[in-house]
Each structure stands twice: as structure tokens, then as C-alpha cells.
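Open your viewer and get the selection tool ready. We will go stop by stop.

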Number of protein chains: 2
Amino acid sequence: MEDLKRIKIKELMDAPVVGKKVNVKGWVRTFRSNRFIAINDGSTINNMQAVVDFEAMDEQLLKRVTTGACVSVTGELKESLGKGQTVEVIVESLEILGDADPEKYPLQPKKHSLEFLREIAHLRVRTNTFSAIYRVRHAMIFAVHNFFNQKGFYNVHTPIITGSDAEGAGEMFRVTTLDLTNPPKNEDGTINNKEDFFGKETNLTVSGQLEGETAAMGMSEIYTFGPTFRAENSNTSRHLAEFWMIEPEMAFYDINDNMDLAEEFVKYLVKYALENCKDDLEFLNQRALDEEKGKPQNERSSMSLLERLQFVADNEFERVTYTEAIDILKNSKPNKKKKFQYLIEEWGADLQSEHERFLVEKHFEKPVILYNYPKDIKAFYMRQNNDDKTVAAMDVLFPGIGEIIGGSQREERYDVLKARVDELGIPEKDLWWYLDLRKFGSAPHSGFGLGFERLILFVTGMGNIRDVIPFPRTPDNAEF
Amino acid sequence: MEDLKRIKIKELMDAPVVGKKVNVKGWVRTFRSNRFIAINDGSTINNMQAVVDFEAMDEQLLKRVTTGACVSVTGELKESLGKGQTVEVIVESLEILGDADPEKYPLQPKKHSLEFLREIAHLRVRTNTFSAIYRVRHAMIFAVHNFFNQKGFYNVHTPIITGSDAEGAGEMFRVTTLDLTNPPKNEDGTINNKEDFFGKETNLTVSGQLEGETAAMGMSEIYTFGPTFRAENSNTSRHLAEFWMIEPEMAFYDINDNMDLAEEFVKYLVKYALENCKDDLEFLNQRALDEEKGKPQNERSSMSLLERLQFVADNEFERVTYTEAIDILKNSKPNKKKKFQYLIEEWGADLQSEHERFLVEKHFEKPVILYNYPKDIKAFYMRQNNDDKTVAAMDVLFPGIGEIIGGSQREERYDVLKARVDELGIPEKDLWWYLDLRKFGSAPHSGFGLGFERLILFVTGMGNIRDVIPFPRTPDNAEF
């Protein structure tokens with residue numbers, strides 16, 4: 001009987017064949033009345049109910065059916081009369097594959113705090129919340145590749161270890177094989193980086209954009225999808241030291257094409273989740289509603305998770321220039337009543353998350369794309385507009401999340417880029433190859449970056465970025 | 001006229017509409033007879049021929065149509081009478097988007113050595129060979145995700161920065177934010193790692209397997225696809241310091257299920273390439289044939305690239321135990337005639353690439369899966385067989401490549417694993433969570449790793465692993 005091939009619970013539930021003999025393997029979630037075993041195998045959030053006749057079963061065996069134990073059950077599939085499932089397995093044989101001592105197993109059938117679960121990140125995947133998040137995360141990974149593949153974009157693996165420190169997106173992690181206790185030094189006391197593995201100083205990448213551009217200037221439309229790193233000491237619910245980014249880069253796109261693509265892309269992802277992750281999103285929707293019950297009325301969201309997702313999928317994003325946004329903010333109630341921590345006084349101010357949230361959540365009440373920012377608050381590679389003051393940058397701002405996408409048209413004019421690089425004092429040795437792209441067969445081009453974990457926060461309705469990546473890396477935390 | 005939306009060359013060629021006015025943008029490959037511009041936009045290996053009436057054109061403009069320049073042409077699509085293309089664009093307007101000074105542009109229409117092209121990795125994407133390789137690489141990335149998604153596997157992002165150094169697959173890179181010139185030290189002179197960013201020593205991962213197992217023990221079937229690192233000083237055509245791996249991990253799979261999946265997986269990938277990368281593979285096939293012409297007869301392959309791919313797709317892999325393989329090798333001609341550098345004298349010997357190649361290329365003449373290896377030459381987590389001598393390990397060996405996949409059934413028995421960990425002196429503080437998987441709800445499970453660049457070597461027929469990843473990292477080389 002045990003030779004019967006295991007079938008996944010998702011398959012069984014998607015197309016149940018009543019009367020068929022099946023083998024199901026998975027982990028016990030609960031065991032009620034010495035009769036009903038709820039088994040979950042991670043293929044779906046739904047448990048399979050296995051019904052045992054305890055009078056016909058070995059008592060010692062049944063005692064081992066505890067929460068967290070791994071079991072294999074074989075029996076006939078029957079229509080279920082109970083609530084919450086359409087079919088159940090009438091158990092003919094039961095095998096314990098792995099015990100879970102109830103005195104020691106940390107995941108008992110009760111509510112655990114997210115903080116506690118982070119400490120057992122190797123086991124939290126066995127909870128409803130985390131397996132739902134990870135299934136949604138998988139669906140989003142697949143949707144990213146599907147979207148770009150259908151459009152004829154090519155995925156490019158840009159390097160993780162980089163010898164170039166001109167990316168300028170933040171503090172970097174050093175990568176080295178030098179003996180830290182006794183590193184080789186030059187005569188002037190500095191580290192002799194020539195002795196390091198790569199013969200120079202190397203760091204973990206903060207962005208694949210610059211290398212991505214080299215690929216776009218030969219293959220037209222490319223995207224990267226890989227880990228990026230920031231060695232910043234920020235212990236917030238929005239920051240990770242290691243996170244994943246998607247960075248498309250397109251030759252022949254101007255800033256408007258870029259905004260079109262960004263909007264189409266996020267909408268595709270959200271729709272894909274709505275269509276392919278129904279059970280998980282319904283669970284997460286309910287979870288978020290339950291969480292909100294504990295909050296005062298004025299802190300609750302006006303929309304549920306599912307409503308928010310549908311709203312983003314259905315509505316056009318508002319496109320607003322930075323200059324228009326400053327006007328709106330200057331004249332806004334919180335600015336006049338000095339409720340903003342950073343008051344908006346003049347054009348040129350960098351926008352803080354309080355301002356972005358006001359625009360998105362109060363003023364427009366929908367996702368907003370801000371574009372044409374002052375050049376002094378943006379990166380050197382962004383294309384300068386004719387007004388000499390702004391660059392063709394764009395940020396997509398989402399309710400509850402803030403910036404989810406940042407991008408720009410890239411400066412394709414050699415002279416303009418070179419002048420900006422010199423002005424900022426970026427050494428040419430780090431950027432000769434990037435400048436080459438403008439020397440030889442240059443073309444207008446654009447690109448953007450989507451922070452993958454921010455997307456997952458939005459789609460799952462979770463509040464802390466540490467809960468949407470399996471093993472979060474933050475200051476003082478690299479367990480597992 | 002320039003408002004016409006750009007159309008990709010691939011789209012135009014896949015479904016040409018003769019008589020339609022089109023806009024094509026791309027890089028000039030050649031300009032013949034002041035009349036025929038071959039334009040490539042990276043969407044396909046095929047160039048679009050644009051035909052100009054030089055008498056009607058500005059002479060100064062035409063002078064700027066040089067190899068590598070980026071152009072935009074608009075005109076009517078016509079059937080082509082020339083060889084090598086079915087349609088061409090009769091140019092009505094021509095714009096130079098970016099010049100490429102022929103005196104300075106490094107890529108001229110002649111054969112460049114692969115070594116030279118590696119030094120200009122930011123431009124080599126504009127050659128036929130490299131754009132073909134990168135398109136195939138993209139197709140293989142997509143095929144990996146498609147294969148697993150269809151089967152209900154979930155993609156898991158395992159951490160890149162790891163605090164665990166028990167993976168044991170090789171030398172690691174240190175990740176740090178400490179000041180190397182003056183690092184904080186303990187009283188005994190050792191580095192005070194508590195002051196480092198993560199409060200402990202961290203390294204770049206050599207494998208996502210151990211973390212992948214935690215996910216499989218809750219979601220049943222998962223896979224990772226991410227960068228992995230080896231700080232080994234090997235300057236060979238088969239090794240990179242940074243490379244990509246795919247590591248599926250499956251609960252409820254024994255070693256036979258594991259071999260079945262590995263074989264199905266690689267065959268799927270190879271078939272996907274044959275079906276979806278026809279033009280690129282034909283080009284690479286011809287390229288490999290041309291390369292071989294320079295070699296003596298006895299060093300040439302018995303099959304062409306396309307034949308080799310078809311052969312792998314069509315034939316069952318040979319499954320051979322290590323013990324059987326040792327017998328074959330002991331009695332082989334090269335062993336008896338002492339042609340092997342490492343002679344096979346007794347059971348227990350570690351197999352070298354010369355032995356693997358003999359088995360695959362001479363003895364069986366097909367891909368081989370070797371399994372049940374001596375436990376002493378394999379990793380601590382592999383499941384011990386009942387003979388007490390071997391573990392349920394498996395390696396998939398490919399012609400011309402050697403090991404392309406390595407995997408095993410994992411040791412799921414707590415006591416057996418714990419004894420092995422202690423025997424090898426691996427500190428429990430690094431592995432407590434891995435051992436937990438065997439304490440709570442353990443189950444038989446298996447997994448393997450596919451070296452992605454080795455796959456790309458096989459599918460493209462290239463000889464050096466530095467040529468199948470956009471920006472290779474090797475000792476003393478981290479340019480770009």
C-alpha cells in the first residue's frame with residue numbers, strides 16, 4: 001500500500017476524485033477528538049482532513065500524532081460532511097515519518113508573535129502565515145520572469161561582487177580574503193589591496209544598473225533580478241542589509257516610456273497575485289483585518305488588503321511633476337499647521353516619507369508617479385532636462401509603502417555625463433566602461449529598480465520587511 | 001515620421017508585413033556599397049538590412065553610418081532579393097542616435113579573440129557570439145523557473161550573506177564593515193567580530209542547500225536559484241569565484257526520485273533550448289564547427305553541438321553505482337596502461353575528471369549518473385546506506401563538462417546525523433537549526449545542485465566558463 005505514489009494536497013483539492021485511493025504526506029497541524037488529523041504539506045494553505053478509526057488503530061501510534069509530526073496516510077478519498085473542506089481521506093494506514101515532541105516543539109497550535117517566529121526562521125515556514133507569504137513570494141518571482149519574457153526582455157545576471165564603487169546608492173560591504181588580524185600593508189600603512197583575492201578592493205553590489213546598461217546597449221531590453229546590499233545601520237521595518245531588486249534597462253525608452261512600463265509592470269504583478277494566489281491572499285486579508293481590530297479606528301486602513309490590490313490593478317497611477325508636488329505640499333494642511341516633521345518651504349527640498357504618504361494616501365488617494373526631480377537630490381547618471389534644474393527621474397509611490405520603484409531616463413550624452421561626473425569628483429578609473437557606452441553608439445535609454453521585498457509587503461499586507469524574506473539580514477542579525 | 005513606434009527586428013522577422021511602414025533602431029554591424037546597412041538590435045541574431053538611396057541622402061550623414069553606430073531608420077518593409085534575409089527596409093529617413101568613431105571603437109567587423117573580448121566585457125554583448133550566448137542564458141533562466149513552477153515547486157531566496165560556516169563546500173569570502181587598517185581586537189589579539197555589522201563573522205554563501213532544506217520541510221518541494229561563491233585560487237576554464245546555482249530540495253524524495261528529477265530537469269532544459277533558441281544555436285553550432293577545423297582530427301568531437309544536445313534530450317542517462325564504476329575503471333585500458341594521471345587501485349578512491357570523462361565519453365558514450373559513493377569522500381549531510389560504507393549521493397556527469405549536477409538523499413535520522421557531525425567536529429552552534437529539522441517532523445528528503453554556468457557551457461558549446469557569464473569574477477579579476 002505504501003508504494004502508492006504520494007499526491008500533493010493542492011492537486012487533490014483542485015481536482016478531487018472521490019473513491020480514489022490516495023497517499024498524502026505532510027505535517028500535522030492539529031489532531032482533534034482522537035479522530036481528525038489536519039495535515040498540511042505546504043502545497044496549499046488548506047489542510048487535508050484525515051479521518052482515523054481510533055478503535056482500529058494502535059494506540060501507541062496515535063499518541064505520536066502530535067502537532068508538527070510528519071505523517072504519511074493512505075486511504076480512500078470521500079466527500080466530507082465537515083465544515084471547511086470538501087473531501088477527506090479515510091485512513092487505512094498511517095505511518096509516522098518523524099515525531100515532534102510536544103514538550104519541545106516550539107510551534108504549538110496557538111498564536112505566536114512575529115518577533116518570536118523570526119527567532120525560529122527555520123521553522124516559521126510551517127505556519128499558515130509564513131507559508132502563505134512564501135507562496136505569494138514565489139508567485140511574484142515567477143510573474144516577474146513571465147512578464148519580461150513575454151515582452152522579449154532578456155534576464156542578465158549582473159555581478160554581485162563589484163570592483164566599482166561608483167554606484168553611489170549607499171554604504172557597501174567589503175568582500176575580502178585578507179587575514180584581518182594581520183593584513184598586508186603598504187609602506188604608508190594603508191591596506192595593500194593588491195594582495196586581496198581580486199587584486200583590488202571589492203564590495204557587494206548596491207545595484208546592477210550600471211552593468212545592466214551595458215547589456216541594454218546591445219540587446220535593447222534587459223532586466224536583472226538579484227540580491228543587492230546596503231551596509232546601513234538602519235533598524236527599521238522597511239530596511240534590510242540584503243534584499244532583492246529587479247532592474248529593467250531599456251534602450252530607446254524615454255522617461256514617458258519608462259513610466260508606462262513601470263505602471264504596466266506593477267499592475268501585472270498585482271493582477272497575477274489576485275488571479276493565482278486566491279487562497280493565500282484571502283487568508284492574509286483576514287489576518288490583516290484581525291490585526292486591525294486591535295487598533296484605534298483612525299489608524300485602520302480605509303481598504304482591506306484585497307480591496308487595495310484590486311484598486312491598484314484597476315486605477316491609473318497619478319503622474320505628477322516634482323514641481324507640482326511641491327506646490328501641493330506647500331499649501332497642504334499639515335504643512336500650514338506645521339504637522340510635518342520637515343516643513344516644505346521651497347523648491348529643491350528632498351521629499352520625506354511623510355510627504356510621499358500625504359500625496360499618495362491623503363491628496364490623490366492612489367499610486368503616484370513623481371517625476372522631473374531637482375538634479376541636486378538625484379544620482380549623477382540621470383538625464384538632465386532642458387530647464388537645467390531638473391533631471392528625468394521618476395519614483396512610483398504606493399500607499400502604505402512609499403517608494404516602491406525608482407528610476408530615470410539615463411544621461412546618454414557623453415559631454416553632459418562627463419561634466420557631471422567631474423563635477424561630483426567621481427574617479428574616471430571606476431567609470432571608464434560606463435562612459436564608453438556614451439562614446440560608442442549611444443542612444444536614449446531608461447530604466448528603473450523595483451525593491452522586491454517592498455512589493456511583497458504590499459501584496460501580502462505584512463508590516464515588517466523581516467517577515468517577507470525567509471532569512472532577513474539586519475544589523476546584528478545573520479543567524480542561519 | 002519619427003513618431004512611429006519602434007518595432008523589434010525579431011518581431012518584424014517572425015511576422016513580416018510587406019508594405020508596412022516601420023521604424024527600426026539598433027547598432028550598425030556593417031555598411032556595404034554605401035547602400036546596405038546591416039542593423040542589429042539584440043532581439044535576434046539576425047540583422048535587418050536597411051537599403052539607402054545614397055544619391056538622395058546627405059553625404060555627411062552617411063559617413064557617420066559606421067560599425068557600432070546607433071541608428072534609427074524608417075521606411076517601408078519590402079521582400080528582399082538578397083541572400084540571408086527575407087525582408088528589408090527601404091529607408092525613407094535615417095537618424096544617427098550615437099556615433100562610433102571607427103578609429104576608436106574596439107569592435108570592428110573582423111574576428112576578435114575571446115581573450116580580447118573579455119577585457120571589454122561591457123561591449124562584447126554587441127557581438128554575435130555573446131549576444132547569442134546571453135539570449136540562450138536568458139532562455140535557460142526562464143526554463144528553470146518554468147519547469148519548477150509547472151511542477152508546483154516554490155522558489156526560495158536563501159541568504160547570500162551567511163553566518164553559518166558549516167556548508168563545507170569550499171573556501172569562503174569574508175563580508176565585513178570593519179576598518180581593515182585598524183580593526184577592533186579582543187584582548188588575545190583576535191578580531192572582535194562582535195563589532196562587525198552582523199555582530200559576528202559572516203561570509204558569502206557557498207550553497208543555499210541547508211537553508212533550502214528548512215523550506216522543503218514545510219513546503220515539500222522548493223528550489224533556489226542564486227549566486228554562490230568560492231574563494232579558491234583556481235584559474236581554470238571551469239571555475240569562477242562567483243557563479244549561479246539551482247538547488248531543488250524535496251521532502252519525501254529518496255535517491256531514486258532524486259535521480260529521476262535531475263534527469264527530467266536537464267532534459268527539459270536542453271529541449272527548451274532546442275525549441276526556443278534555434279537561430280542562436282545554429283549560429284553557435286557553426287561557430288563550434290569552425291573552431292574545430294583548427295584542431296587535429298583526434299581532438300575533434302564526434303558530434304556537433306546540435307547533435308550533442310539532441311542526443312542528451314533523446315537518450316536515457318546511464319545509472320551506475322560508484323562500486324560498478326570503480327570496477328570498470330580498474331579494468332580499463334588507460335588504467336592498465338597507466339595513462340591516467342591518478343591510477344585507480346582500490347575502492348574508496350576519489351574520482352578525478354579524467355575518470356569521469358572516460359566513463360562518459362569512452363565507456364558509456366552518454367550522460368552518466370554515478371551514485372552510492374563512499375561516505376568518506378562525501379559531505380556530512382548525505383544519507384548513510386545500510387552497508388555502512390556508502391552514502392546515497394549522486395553526480396550527473398556530462399560529456400565535455402564533467403559533473404554538472406551533484407546531489408544526495410539527505411540524512412534525515414537525527415542520531416545518525418548527530419554522530420556524523422560530532423565525528424567531523426562541526427560545532428553545534430552553527431548547525432542547531434539544521435539538526436532541529438531532524439528533531440521535529442523529520443522526513444526522508446533529497447536535493448541536488450546544478451551549476452548554471454556549466455549548463456550554459458554545455459548548451460552553447462563554449463569552452464571557457466568566463467565566456468558564459470556577463471562579468472566573470474576570477475582571481476585578480478573583478479573589473480566592471
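This tour starts with both chains together, then moves on to single residues. Keep in mind that the model is predicted.

**Stop 1: the two copies**

How is chain B laid on chain A? A turn of 180° with a shift of 0.0 Å along the axis does it, and the RMSD is 0.0 Å. That is the relation of a two-fold axis. The copies also use the same surface: 99% of the contact residues of chain B recur in chain A.

Now find the axis. Which residue of chain B comes closest to it? Select Val175(B): its C-alpha lies 2.4 Å from the rotation axis.

**Stop 2: the interface**

Show the residues where the chains touch. Chain B brings 115 residues to the contact, and chain A brings 114. Together the two chains bury about 8800 Å². Carbon and sulfur atoms account for 65% of that area.

Next, look for the polar links. There are 47 residue pairs in polar contact across the interface of chain B and chain A, counting pairs with both residues at pLDDT 80 or more. Which element gives the most to chain B's side? Select H4(B), which supplies 10 residues. Colour that side of chain B by class: 54 residues are nonpolar, 34 are polar and 27 are charged.

How many salt bridges cross between chain B and chain A? The count is six. For a salt bridge between the chains, select Lys200(B) and Glu479(A). Their closest N and O atoms are 3.9 Å apart.

**Stop 3: a network**

Select Arg6(A), Lys8(A), Asp41(A) and Glu221(B) together. Salt bridges link these four residues in a network. Over all chains, the count of salt bridges comes to 66.

**Stop 4: salt bridges within a chain**

Go to chain A and pick Glu318(A) and Lys366(A). Their side chains meet in a salt bridge, at 3.6 Å from N to O. The two residues are 48 apart, so this pair links distant parts of the chain. Glu318(A) sits in strand E12, residues 318-321. Lys366(A) sits in the loop between helix H11 (353-363) and strand E13 (368-374). Glu318(A) is partly exposed, with a relative accessible area of 26%.

Now select Arg413(A) and Glu411(A). This salt bridge has its closest N and O atoms 2.7 Å apart. Arg413(A) is partly exposed, at 28%.

Switch to chain B and select Arg137(B) with Glu453(B). They form a salt bridge, with 2.9 Å between the closest N and O atoms. Arg137(B) lies in helix H4 (residues 128-150) and Glu453(B) in helix H14 (residues 452-460), so the pair ties together parts that are 316 residues apart in sequence. Are these two residues buried or exposed? Both are buried.

**Stop 5: a loop residue**

End at Lys20(B). Where is this residue? Lys20(B) lies in the loop between helix H1 (9-14) and strand E1 (21-32) of chain B. Its relative accessible area is 41%, so Lys20(B) counts as partly exposed.

Look around Lys20(B). Beyond its neighbours within four places in sequence, Lys20(B) is in contact with Gly75(B), Glu76(B) and Leu77(B). Then select Lys78(B). The C-alpha atoms of Lys20(B) and Lys78(B) are separated by 8.2 Å, although these residues are 58 apart along the chain.

Conventions: Residues are numbered from 1 along each chain as its sequence is written. Chains are lettered from A and ligands numbered from 1 in the order in which they are written. This is a predicted model: local features need pLDDT of at least 70, side-chain atom pairs count only at pLDDT 80 or more; totals for chains, interfaces and linings use all residues. Side-chain values use heavy atoms; hydrogens and water are left out. Copies are superposed by least squares on the C-alpha atoms of residues with pLDDT of at least 70 in both. Contact means heavy atoms within 4.5 Å. Helices (H or I, at least four residues) and strands (E, at least two) are DSSP runs, numbered from the N terminus. Buried means under 20% relative accessible area, exposed over 50%, partly exposed in between (1.4 Å probe, protein chains only). Buried area is the accessible area (1.4 Å probe) that two parts lose on being put together, summed over both. A polar contact is a pair of N or O atoms within 3.5 Å; within protein, one must be able to donate a hydrogen and the other to accept it, and residues adjacent in sequence count only if both atoms are side-chain atoms. Ala, Val, Leu, Ile, Met, Phe, Trp, Tyr, Cys and Pro count as nonpolar, Asp, Glu, Lys and Arg as charged, and the others, Gly among them, as polar.
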